[in-house]
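Q: I would like to learn how to read helix packing and nonpolar cores in a model. Can we work through a case?

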Amino acid sequence: VDLELDLVVGARRDARDLERLRHTAAVERKVEQERPGFELLAVVVGLFAGMAVNMALVLLNSKVLYPAPAGLDFKDKERFQAYVDTLPAPAFLVVMAAHLGQAFVGGLVAASLAASHPILLAMIVGGVSLLGGVMMMRTVKGPRWMLLELPLYLVLAYAAGALVAPA
């Protein structure tokens, strides 16, 4: 009987401790959510992290894997387009990986920093990345199959946010 009483008392104590932990975690989340501008900062940091991945892969592509001609001015649209026209399909796969890496890594960073709404913040990063991708496709003409990447920006951003979101 004493053992049963000890078990019941111990279970009640454990339940109270668990409830206190839940309450403390809820209060901490609420405090984090009330910090103005923190979500915006998470998105900005996510965008910069994603852009770093994008630029690293693009530079790898244009400097190492498929070097651009010496002296090519990337701001000269006609000469840059002429260089792009010479690139093989695998070069565009690296570009696609760069663009989609921006959406995924940027979304993952933003979602990880989020005090609340990690999927939403990841999707904002994905949306901005998508906008950049559309602008790039309007400026530089690549193969038509590159259009396949457009919906994937949002899919990968969502997946990044879902990885971080509480179950």
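A: Two packed helices are described by the angle between their axes and the distance between the axes. In this predicted model, H4 and helix H5 (residues 118-139) pack at about 150 degrees with axes 8 Å apart. Axes are lines fitted to C-alpha atoms, for helices over the stretch in contact, and angles run from 0 to 180 degrees between N-to-C directions. Helices are DSSP runs (H or I, at least four residues) and strands are E runs of at least two, numbered from the N terminus.

Q: Which relative direction do H4 and H5 have?

A: H4 is therefore roughly antiparallel to H5, a term for angles over 145 degrees. Their crossing is right-handed, meaning that the near helix is turned clockwise from the far one by less than a right angle.

Q: Which residues of H4 and H5 meet?

A: On the H4 side are Gln102, Ala103, Gly106, Gly107, Ala110 and Ala111; on the H5 side are Pro118, Leu121, Ala122, Val125, Gly126 and Ser129. Contact means heavy atoms within 4.5 Å. The residues of this contact divide into seven nonpolar, five polar and no charged. Here Ala, Val, Leu, Ile, Met, Phe, Trp, Tyr, Cys and Pro count as nonpolar, Asp, Glu, Lys and Arg as charged, and the others, Gly among them, as polar.

Q: How do H2 and H4 pack?

A: Helix H2 (residues 38-65) and helix H4 (residues 89-113) have axes 7 Å apart and an angle of about 160 degrees. H2 and H4 are therefore roughly antiparallel, and their crossing is right-handed. The contact of H2 with H4 has 19 nonpolar, eight polar and no charged residues.

Q: What is in the largest nonpolar core?

A: A nonpolar core is a set of buried Ala, Val, Leu, Ile, Met, Phe, Trp, Tyr and Cys residues joined through side-chain atoms within 4.5 Å; buried means under 20% relative accessible area (1.4 Å probe, protein chains only). The largest has 16 residues, and those with the most contacts inside it include Phe80, Phe92 and Met146. Helix H3 (77-85), H4 and helix H6 (149-164) each supply at least two of its residues, and H4 gives the most, six.

Q: How does the chain look overall?

A: The protein chain has six helices and zero strands.

Q: What conventions apply?

A: Residues are numbered from 1 along each chain as its sequence is written, and side-chain values use heavy atoms, with hydrogens and water left out. Local features need pLDDT of at least 70 and side-chain atom pairs count only at pLDDT 80 or more, while totals for chains, interfaces and linings use all residues.

Methods
Parallel < 35°, antiparallel > 145°, perpendicular 65-115°, else oblique. Buried < 20%, exposed > 50% of the residue type's maximum accessible area, 1.4 Å probe, protein only.
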